[in-house]
Amino acid sequence: MMTLDYCLDRLQMIREHLRPWGINDELVLSAMYKVPRHKFMPPKVSEHAYHDHASQIEEGQTISQPFIVAATIQLSGAKPGQRVLDIGTGSGYQAAVLAAMGVEVYSVEINELLARTASECLSRLGYSVEIRVGDGYFGWPEKAPFDAIVVAAAPVEIPPALKEQLALGGKLVIPVGPQDSMQNLFVLTKTAGGFEQHYLDSVAFVPMTGEAERKRTAEEEAKTPQILLARR
């Protein structure tokens with residue numbers, strides 16, 4: 001039987017789905033325990049909030065599985081007092097976990113309804129997150145540089161603006177790949193000489209829309225053979 005505030009379920013999530021799979025940053029684990037994931041989900045699916053899978057939210061989007069959120073934040077190296085850009089606010093859950101860690105969070109969401117819903121939820125729960133409606137492909141230049149950037153939607157290429165907006169030593173964690181298949185989770189670290197790049201196991205994220213979608217469409221059209229009919 002689940003408790004009213006799901007405390008036991010959050011503890012089980014950490015013991016079964018996070019620690020055994022390499023989440024060992026105690027700051028991340030503490031924040032994952034504190035943040036009530038079920039309050040960022042529609043009531044009809046909230047009873048499964050602490051199972052390790054993604055779930056549907058509004059506007060055809062998803063809230064990422066707990067392990068992916070924890071892994072993304074751990075890979076970013078985010079620490080209290082740092083400035084972090086969260087691309088793809090969605091439900092607001094990942095932004096809440098960052099805020100619970102004492103991070104200064106800026107979040108960009110292209111869907112106005114999702115941005116408004118997430119902002120209201122975060123405010124109601126007491127998490128300080130600044131949200132703007134915009135295209136995450138271009139980041140948030142006015143608030144740069146960032147100590148870390150975490151992205152929750154997949155473009156087919158790494159957006160140049162996000163690399164530019166990293167502080168020296170900052171990390172960008174982003175899924176990259178085609179829309180209808182698995183993507184790779186890339187980790188870029190900005191150094192004095194450029195960028196160090198690593199990628200991890202395959203992941204599955206919703207596609208990045210806006211400019212990323214336009215680029216994806218243009219690339220697909222360029223690959224499509226053009227059939228020219230000669231005039232008689």
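## Model and confidence

The model is predicted; local features need pLDDT of at least 70, side-chain atom pairs count only at pLDDT 80 or more, and totals for chains, interfaces and linings use all residues. Residues are numbered from 1 along each chain as its sequence is written, and side-chain values use heavy atoms, with hydrogens and water left out.

Mean pLDDT (the predictor's confidence in each residue, from 0 to 100) is 92 for the protein chain, with 94% of its residues at 70 or more. Contact means heavy atoms within 4.5 Å.

## Helices α1 and α3

Helices (H or I, at least four residues) and strands (E, at least two) are DSSP runs, numbered from the N terminus. The axes of α1 (residues 7-18) and α3 (residues 66-76) cross at roughly 75° and come within 10 Å. Axes are lines fitted to C-alpha atoms, for helices over the stretch in contact, and angles run from 0 to 180 degrees between N-to-C directions. The two helices, α1 and α3, are therefore roughly perpendicular (65 to 115 degrees).

On α1 the contact is made by Met 13, His 17 and Leu 18, and on α3 by Pro 66, Phe 67 and Ala 70. By class, this contact has five nonpolar residues, one polar and no charged. Ala, Val, Leu, Ile, Met, Phe, Trp, Tyr, Cys and Pro count as nonpolar, Asp, Glu, Lys and Arg as charged, and the others, Gly among them, as polar.

## Lining of the largest pocket

Lining residues have an atom within 4 Å of a point on a 1 Å grid over the protein atoms alone; a pocket is an open set of points where a 1.4 Å probe fits, with protein on both sides within 12 Å along at least five of seven lines. The largest pocket is lined by 44 residues, and Ser 64, Ala 152, Ala 153, Phe 205 and Val 206 lie nearest its centre. Its lining divides into 24 nonpolar, 16 polar and four charged residues. Helix α3 gives the largest share, six residues.

## Two prolines

Ala 144 and Pro 145 are joined by a cis peptide bond, with omega about 5°. Pro 145 is in the loop between β5 (129-133) and β6 (146-151).

Pro 20 is in the loop between α1 and α2 (26-34). Not counting residues up to four places away in sequence, Pro 20 touches Ile 14 and Arg 15.

Methods: Angles under 35 degrees count as roughly parallel, over 145 as roughly antiparallel, 65 to 115 as roughly perpendicular and the rest as oblique.
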